[in-house]
Amino acid sequence: MPKKILIAGAGGFIGGHLVAELLRQGHKDIRAVDIKPLKEWYQRFPQVENIRADLQLKKSCDHAAKGMEHIYNLAADMGGMGFIELNRGLCMLSVLINTHLLMAAREAGAKRYFYASSACVYAADKQTDPKISGLREADAYPAMPEDGYGWEKLFSERMCRHFTEDFKLTTRVARFHNVYGPHGTYDGGREKAPAAICRKVIEAKLSGKHEIEIWGDGYQTRSFMYIEDCITGIEKIFHSNKVTFPINLGSAEKVSINQLVDIVEEIAGIRLKRKYKLDAPKGVNGRNSDNTLIKKTLCWEPDLPLRKGMEKTYAWIYDEMTRRK
Ligand code: NAD
């Protein structure tokens, strides 16, 4: 077991779950860093060294990385389509986090570094058909990723690769495909489709106004990975000596947004009148994870059925919303 582990972005959805998992594994020396005030972190653990810092600054990265052997970078200014399509400059500024953290990791003599990339690196012309079977890792090139957010991810992937080639820092890169689950954002503008749909269905149920607004025509397709699968995958990729390239980490269970709404309505035991907002940000027409490479290299893939994961997510959001009310 390594002595010291840094989780950047630990106040966020995936970072919080990763800290919880590392504690479960028995790690004792964890440093958790996020720019948000501590009271806004989704999960917070008193036995961990919790630090509030802006990791776009090199000196904050130096401080955070000092003495750390393993570094996980999950910090980014991000959100669902509604956020990333309207905040491209902010998304691109996350390049400062990964760049400064890589530099600090190298200077601190870190042994291993993880970078959270995204399916948004994939070229737009490979995602025009909702019937898409799956995006293979090679489909990121020739490059035409999601403007702003996707370009930042693709550039940062390459920074990791060159830090490995030039400076011998071992790096691991996973391309996450839509992660969902409890302890994440479900309102405020940064939420992603699964959480947003749960919230809208719960609002309809609680208010008695049986309508739901759907962004786009609902035929766009995606896959969604439950948070526990994501954390398992991060750990497998991070510790693997075979995964020396950016790799898909996502579910291959493709659904349309309409089918996702069907699932949430079934869980809630309600049927809603659907209103389609065709001019809302909706992203590409079709996206799914091709898991050939992860199955070949790790003999594993994310496999929790969407229906099961959505039941847990819905229950958590329902409790949060009724508690707040
Ligand atoms: P999140 O927004 O919940 O967590 C990111 C955290 O980074 C936030 O708590 C935020 O405060 C923090 N952060 C932002 N700027 C910072 C800064 N300058 N200094 C320190 N902390 C800063 O998002 P998440 O869903 O947990 O995503 C984690 C990583 O995974 C991100 O890199 C994201 O781009 C990537 N990713 C997530 C998904 C997904 O579906 N959730 C999909 C693809 C990629």
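These legends describe close-up views of a predicted model.

Local features are reported only at pLDDT of at least 70 and side-chain atom pairs only at pLDDT 80 or more, while totals for chains, interfaces and linings use all residues. Residues are numbered from 1 along each chain as its sequence is written, and side-chain values use heavy atoms, with hydrogens and water left out.

View 1. Strand β5 covers residues 112–118; strands (E, at least two residues) and helices (H or I, at least four residues) are DSSP runs, numbered from the N terminus. Seven of the seven residues of β5 are buried, so the strand is largely enclosed by the rest of the structure. Buried stands for under 20% relative accessible area, exposed for over 50%, and partly exposed for values in between, with a 1.4 Å probe and protein chains only. In a regular strand the side chains alternate between the two faces of the sheet. In β5, Arg112, Phe114, Ala116 and Ser118 are buried on one side, and Tyr113, Tyr115 and Ser117 are buried on the other. Two strands are called paired if DSSP finds at least two bridges between them. β5 pairs with β4 in the parallel sense over four bridges, with His70 opposite Arg112. Strand β6 (residues 170–176) also runs parallel to β5, joined to it by seven bridges, and here Tyr113 stands opposite Thr171.

**View 2. Aromatic pairs.** Seven aromatic pairs are found in the structure. Rings of Phe, Tyr and Trp (its six-membered ring) pair if their centres lie within 6.5 Å; planes under 30 degrees apart are stacked, those over 60 edge-to-face, and the rest tilted. One of the pairs, Tyr180 with Tyr226, is edge-to-face, at 5.5 Å centre to centre and 65° between the planes. This pair links distant parts of the chain, 46 residues apart: Tyr180 belongs to strand β7 (residues 179–180) and Tyr226 to strand β10 (residues 225–226). Both Tyr180 and Tyr226 are buried. The ring centres of Tyr186 and Trp316 are 5.9 Å apart and their planes stand at 85°, so this pair is edge-to-face. Tyr186 is in the loop between β7 and α7 (193–207) and Trp316 in helix α11 (residues 306–324), 130 residues apart. Tyr186 is buried at 4% relative accessibility, and Trp316 is buried at 16%. Elsewhere, Tyr72, Phe114, Phe176 and Phe238 form one aromatic cluster.

**View 3. Arg190, between Phe83 and Asp77.** Arg190 lies over the face of Phe83, 4.0 Å from the ring centre. A charge sits over a ring if NZ of Lys or CZ of Arg is within 6 Å of the ring centre and within 35 degrees of the ring normal. Arg190 also forms a salt bridge with Asp77, the closest N and O atoms being 2.8 Å apart. A salt bridge is a side-chain nitrogen of Lys or Arg within 4 Å of a carboxyl oxygen of Asp or Glu. The two partners are 113 residues apart: Asp77 is in the loop between β4 (70–73) and α3 (81–84), and Arg190 in the loop between β7 and α7. Asp77 is partly exposed at 21% relative accessible area, as is Arg190 at 34%.

**View 4. Lys36 over Tyr42.** The charged end of Lys36 sits over the ring of Tyr42, at 4.3 Å from the ring centre.

**View 5. Further salt bridges.** The structure holds 22 salt bridges. One of them joins the side chains of Lys58 and Glu107 at 2.8 Å, N to O. Lys58 in helix α2 (residues 58–65) and Glu107 in helix α5 (residues 95–108) are 49 residues apart, and the pair links distant parts of the chain. Lys58 is partly exposed at 21% relative accessibility, whereas Glu107 is exposed at 54%. Arg274 and Asp262 meet in a salt bridge of 2.6 Å, N to O. Arg274 lies in strand β13 (residues 273–277) and Asp262 in helix α9 (residues 257–268), so the bridge ties together parts 12 residues apart in sequence. Arg274 is partly exposed at 22%, and Asp262 is partly exposed at 25%. Asp262 and Arg274 are linked with Glu265 and Arg271 in a network of salt bridges.
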